[in-house]
Amino acid sequence: MSDTADDNGLAGLSNLRTIADYQFGAGAGNALFPPDESVTVKRTTSGRPQQVHADAGRLVSFGTDGRFTLGLEGGRRLHAALEHPAYRVVVDDESEPFVRDEKNVFTKFVLEVGPEIRPGDEVVVVHERGEVIAVGTARLGAEAIEDFETGMAVNVREGAPATD
C-alpha cells in the first residue's frame, strides 16, 4: 500500500516532521520532508507508515519502535541541514572504501563524532572531505567512540557508491 503524503491520516507529514525533530533535533523534520516537496509514504496494511521515499531515493524507514532508520538520501539531507558534527561520524581515507562497501565503521578510524550520539542512534557516516558515504546505527556512544581504540562504532546499513 502506498500513497502520496499529506497532512492528514495516521502519521501524516506533520507528525513525521515532529518525530524527525525529536530524534535528530530542530529542523530535521523540514530537512527530511520539505513542505514544498512531494514524498511517497509506503504504509503497512494497517496504515502505519513503513517507508518514506522522495524522487532521489529512500529517506527513512519507520520502525515499530517509533524511530526512523535513515536511507542514504535521508542522511544526505540531514548532513546538509544539521550543524556539524551533529549525528555524524567522520572517518578517514583508510576506511572510506570499506564503509562505502557497507562494511562497519571501527573506532580506530573515526576522526570526529557528534557529541550527542548514543548507542542505537541513527548516524550519518561522513568522509573527512565532507561527503556522505554511508548511514547506519551507532553501536557505542560518542565518548566511547572517541576513547576506544578497538570496537565497532557504527553498524553500516547502506553505503554510497564511489563517484569517479
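Which residue in strand 11 stands opposite Thr137?

Tutor: Thr137 faces Asn155 in strand 11. Before going further, note that this is a predicted model, in which local features need pLDDT of at least 70 and side-chain atom pairs count only at pLDDT 80 or more, while totals for chains, interfaces and linings use all residues. Residues are numbered from 1 along each chain as its sequence is written, and side-chain values use heavy atoms, with hydrogens and water left out. The pLDDT is the predictor's confidence in each residue, from 0 to 100. For this chain, pLDDT averages 92, and 93% of the residues score at least 70. Residues 1-10 stay under 50, and the model has 27 contacts for them beyond four places in sequence.

Thr137 belongs to strand 10. Strands (E, at least two residues) and helices (H or I, at least four) are DSSP runs, numbered from the N terminus. The relative accessible area of Thr137 is 14%, so the residue is buried; that word means under 20%, with exposed over 50% and partly exposed in between (1.4 Å probe, protein chains only). Its side chain is joined to that of Arg157 by a polar contact of 3.3 Å. Such a contact is a pair of N or O atoms within 3.5 Å; within protein, one must be able to donate a hydrogen and the other to accept it, and residues adjacent in sequence count only if both atoms are side-chain atoms. Not counting residues up to four places away in sequence, Thr137 touches Gly120, Asp121, Glu122, Ala153, Val154, Asn155 and Arg157, where contact means heavy atoms within 4.5 Å.

Strand 10 pairs with strand 11 (residues 152-159) in the antiparallel sense over 5 bridges; two strands pair if DSSP finds at least two bridges between them. Strand 9 (residues 122-127) also runs antiparallel to strand 10, joined by 5 bridges, and Val123 stands opposite Gly136 there. Strands 9 and 10 form a hairpin with 4 residues between them, and Gly130 in the turn has a positive phi of about 105°.

These strands sit in an open sheet of 6 strands, in the order 7-11-10-9-6-8, with mixed pairing. Strand 7 (105-106) and strand 8 (110-113) are the edge strands, each pairing on one side only. Strand 6 (residues 88-91) pairs with strand 9 in the parallel sense over 4 bridges, with Arg88 opposite Val124.

The buried residues of helix 1 (residues 13-24) are Leu13, Leu16, Arg17, Ala20, Gln23 and Phe24. They cover an arc of only 130° around the axis, which puts them on the same side of helix 1; the arc is that of the directions from the helix axis to the C-beta atoms.

Helix 3 (residues 72-81) contains Arg77, which is buried with a relative accessible area of 13%. Beyond four places in sequence, Arg77 is in contact with Ala31, Leu32, Pro34, Glu37, Ala54 and Leu59.

Key:
Expected span 1.5 Å × (residues − 1).
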